[in-house]
Amino acid sequence: MTPSSSGLSSAEAAVRLERDGPNLLPRKPPTPLWRRVVTQLRDPLIIVLLIAAALTVATGDWTDAAVIGLVIVVNTAVGVTQEVRADRAITALAELATPDARVVRDGHQRQVPAGDVVVGDLLVLAEGDIVPADAEVVESAALLVDESALTGESVPVDKDAGAAVSSGTVVARGRGRAVVTAIGAASASGRIASLMVKGAGLTPLQRRLVGVGRLLAGVAVLLSALVLALGLVRGQPVELMVVTAISLVVAAVPESLPAVVTLSLALGARRMAARDALVRNLPAVETLGSVTVLATDKTGTLTEGRMVARHLWTPAAEAAVTGSGYAPDGKITGGDPEEFAALLTAAALCNDARLRPPRDPGGEWTALGDPTEAALLAAAARLGLDRAGLQERFPRVVELPFDSDRKRMSTVHLLPGGGVRLICKGAPEALLRPSVLTDGPELLAGAAERADRYARDGYRVLAVASTDLDAVPQPVREDGLRLLGLVAILDPPREAAAAAVADCARAGIRTVLITGDHPGTARAVAADLGIIGAADRVVDCREPGAFDNGPAGVYARATPEQKLDIIESLRTRGEVLAMTGDGVNDGPALRRADIGVAMGRRGTEVARQAADLVLADDNLDTVVAAVEEGRRVYANIRRFLVYGLSGGAAEIAVMVLGPFLGLPLPLLPAQILWINLLTHGLPGVALGGEPTVPGTMSQPPRPPGQSIMGAGLWQRVLRIAVVLTAVTLGVAVWGSMTGRPWQSMAFFALGATQLGVALGTRTRPGTLANPMLLLAVAGAFVLQLAGIYLPPLRELLGTRPLSPGDLLIVVALSTLGYAAARLDRILHPSPTPARH
């Protein structure tokens with residue numbers, strides 16, 4: 001006996017299982033926890049904070065050491081958690097295979113774990129089964145396989161003997177047997193899993209912050225060393241100047257930046273969740289704001305993922321079909337519905353699909369079987385035709401199932417008054433022939449022309465014909481038929497997809513369609529949604545030299561490997577890429593893109609686990625809302641950098657310039673750390689909750705290569721720092737010349753002026769849009785007052801109380817920090833990013 005008839009023996013299966021290993025997909029080796037932690041601690045900003053924490057511990061400053069340590073621990077924990085979540089993608093793909101498979105062994109059918117399937121096993125396939133391994137069909141009875149999860153093709157493919165079926169595909173109709181040809185890593189899903197093992201790179205935000213961290217680390221150490229040298233030259237105690245230098249390092253490095261970033265991303269993620277966008281990877285929140293290209297698949301993302309009949313044509317009339325999905329709601333418009341009754345009656349009878357009503361009120365109708373046949377049933381239902389009633393009235397007695405050679409399906413039905421009716425449906429090129437139909441040449445030519453027009457518009461076209469006979473012919477002959485008409489079917493675009501594409505265009509984001517579907521269908525959908533114009537190029541990825549003519553708006557017939565190549569080519573050109581998808585074939589692309597976006601309802605588990613963002617409502621327009629949140633997060637991080645770095649620069653400038661103005665040591669180390677703790681603490685973190693700048697989504701994305709300190713941010717930091725320094729030194733010099741407690745005045749002025757900058761950098765000053773910031777600034781101001789009036793704090797900080805008059809003068813001058821921040825925004829607005 002050969003495997004095609006009795007399968008393998010149990011002994012042979014065991015030998016092959018031992019030789020080839022189990023039918024499991026490749027997995028990325030687990031990364032040890034310690035290595036994940038070390039990777040997070042390599043960030044230059046974190047390294048500086050680690051050094052500062054160690055030095056503060058060495059000098060006995062346990063409070064500041066604890067604050068710095070807490071920031072480091074939180075940031076590291078968040079980063080490690082993100083990595084662990086990302087690695088779940090491969091686990092989901094490994095679990096794609098069914099828990100059990102039906103095979104023939106020792107001449108008997110049995111259930112075995114999918115992991116025990118070996119090369120040479122004889123699989124038994126039936127409707128609804130997930131194919132556990134790559135195989136070659138040896139027996140087929142109307143076998144139809146849904147390959148959309150792997151190829152993106154929205155129409156199931158018939159599989160005759162000799163055809164290949166891939167692991168991870170689903171049997172949509174019929175039954176068959178197939179001999180396994182590849183398992184595990186060698187199978188279709190295994191090759192995709194191998195692609196997903198390759199890790200993703202750093203996000204744009206992570207790349208930018210690495211650069212800023214290195215720069216800040218170098219500048220902070222250099223300037224602190226300068227202050228240390230100046231103090232020693234002037235005869236200051238060595239221990240005092242060492243502590244002062246350490247304090248300046250902490251002051252110059254915005255150690256709350258990781259906390260601000262984390263909070264901003266977390267708040268953005270929460271706001272996105274309220275808008276049906278679930279964030280799996282926090283840096284993805286900001287990455288969305290950087291997106292310049294939105295690459296999307298077609299089936300289930302731009303389209304509904306369901307076949308729908310949209311046009312009916314008969315030799316006497318033409319009409320449109322309204323309604324969505326498989327629900328019976330809708331109607332026939334543009335002609336007398338009765339003129340299409342014969343066409344839809346025949347289409348419903350020559351049909352093996354079934355429609356299932358929703359289980360819950362408000363749910364969706366679902367299709368069982370071929371989605372194309374389900375679309376015919378839905379169209380018939382919209383004309384009031386009930387399939388069960390039609391079958392009872394015209395019972396089926398003979399069936400010739402669809403196959404790829406004949407490209408048609410035929411059924412024979414008993415007529416109520418005697419006789420039989422032969423119904424045939426299939427591809428127009430197979431039916432619209434004089435050898436099949438008795439209609440005249442003019443009618444056949446007109447029907448062929450109409451079918452071609454539908455096909456050019458992206459529809460799948462079926463022709464339906466019938467004839468009445470006295471008795472069932474032996475054998476059944478598919479000729480002598482009369483054409484009933486044509487049905488044009490498509491996977492319709494989502495209602496919100498066109499609006500989303502338009503919104504992306506207004507925001508300067510280019511949309512690119514990458515699909516495994518036919519070029520004609522892809523062009524029709526892309527043109528309908530406004531992705532391309534009528535004259536734009538569509539790349540057929542199967543053609544030689546398809547990628548030689550540069551980027552395009554549509555890539556059709558793309559394999560998972562080619563999707564990765566397309567994504568890499570776009571990223572090489574400097575684009576920041578968001579990729580949407582819902583199928584297994586989209587998993588590697590979602591993983592490799594700067595940000596992967598998966599459909600939550602219709603998406604496969606593989607797509608959801610590979611993605612950074614999951615759309616709970618499957619609405620592409622939600623991506624636009626998420627982009628807005630991403631831009632908001634990035635703007636708030638830049639807002640904090642202006643605030644934090646201008647304050648740190650002012651603190652260093654005061655310490656460097658003070659001695660030249662007759663102020664030996666403008667601020668004590670404890671005073672520097674206190675100011676830094678108040679200003680970089682809650683007020684800095686609260687800046688992450690600022691609302692979106694008006695007009696954000698009417699601006700193009702920032703250039704991908706632009707530094708986070710670009711677009712005039714460095715200049716803004718320096719301009720504000722000059723004002724802070726001038727106010728602080730001015731107050732100190734005046735106090736010193738008049739015999740006032742000048743150091744305490746400088747201490748209070750520097751802290752209060754920085755708090756004024758925090759208020760001045762708000763998006764909407766004078767409103768309650770971000771009440772947390774107002775409370776944080778008020779609390780910090782009260783603590784700053786406590787630093788000069790509360791005895792225990794005075795002793796700790798080395799301050800002296802100010803008279804009411806002096807306090808009033810310093811407070812009045814401190815408002816210049818607010819004025820500087822506001823005027824700088826007015827006089828030096830951020831430049832509009834250039835389109836590219």
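In the predicted model, the residues of helix α15 that are buried are Pro371, Thr372, Glu373, Ala374, Ala375, Leu376, Leu377, Ala378, Ala379, Ala380 and Arg382, so that 11 of the 12 residues of this helix are buried and α15 is mostly covered. At the N-terminal end, α15 is capped by Asp370, a side-chain oxygen of which lies 3.0 Å from the backbone nitrogen of Thr372; after the helix comes Gly384, with a positive phi near 90°.

The largest nonpolar core contains 95 residues, and those with the most contacts inside it are Met272, Ile531, Ile595, Leu613 and Leu667. Helix α24 (residues 621–657) supplies the largest share of this core, with 17 residues. Apart from this core lies another, of 36 residues, which includes Ile332, Leu344, Ala347 and Leu484. When residues up to four places away in sequence are set aside, Met272 touches Ala277, Val279, Val285, Leu288, Leu613, Ala626, Glu629 and Gly630.

A helix pair is formed by α28 (residues 742–760) and α31 (residues 804–827), whose axes come within 7 Å and cross at roughly 35°, the crossing being right-handed. On the α28 side the contacts involve Met745, Phe748, Ala749, Ala752, Thr753, Gly756, Val757, Leu759 and Gly760, which meet Leu807, Val810, Val811, Ser814, Gly817, Tyr818, Ala821, Arg822 and Arg825 of α31.

Note on methods: Residues are numbered from 1 along each chain as its sequence is written. This is a predicted model: local features need pLDDT of at least 70, side-chain atom pairs count only at pLDDT 80 or more; totals for chains, interfaces and linings use all residues. Side-chain values use heavy atoms; hydrogens and water are left out. A nonpolar core is a set of buried Ala, Val, Leu, Ile, Met, Phe, Trp, Tyr and Cys residues joined through side-chain atoms within 4.5 Å. Buried means under 20% relative accessible area, exposed over 50%, partly exposed in between (1.4 Å probe, protein chains only). Helices (H or I, at least four residues) and strands (E, at least two) are DSSP runs, numbered from the N terminus. Contact means heavy atoms within 4.5 Å. A polar contact is a pair of N or O atoms within 3.5 Å; within protein, one must be able to donate a hydrogen and the other to accept it, and residues adjacent in sequence count only if both atoms are side-chain atoms. Axes are lines fitted to C-alpha atoms, for helices over the stretch in contact, and angles run from 0 to 180 degrees between N-to-C directions. A crossing is left-handed if the near helix is turned anticlockwise from the far one by less than a right angle, and right-handed if clockwise.
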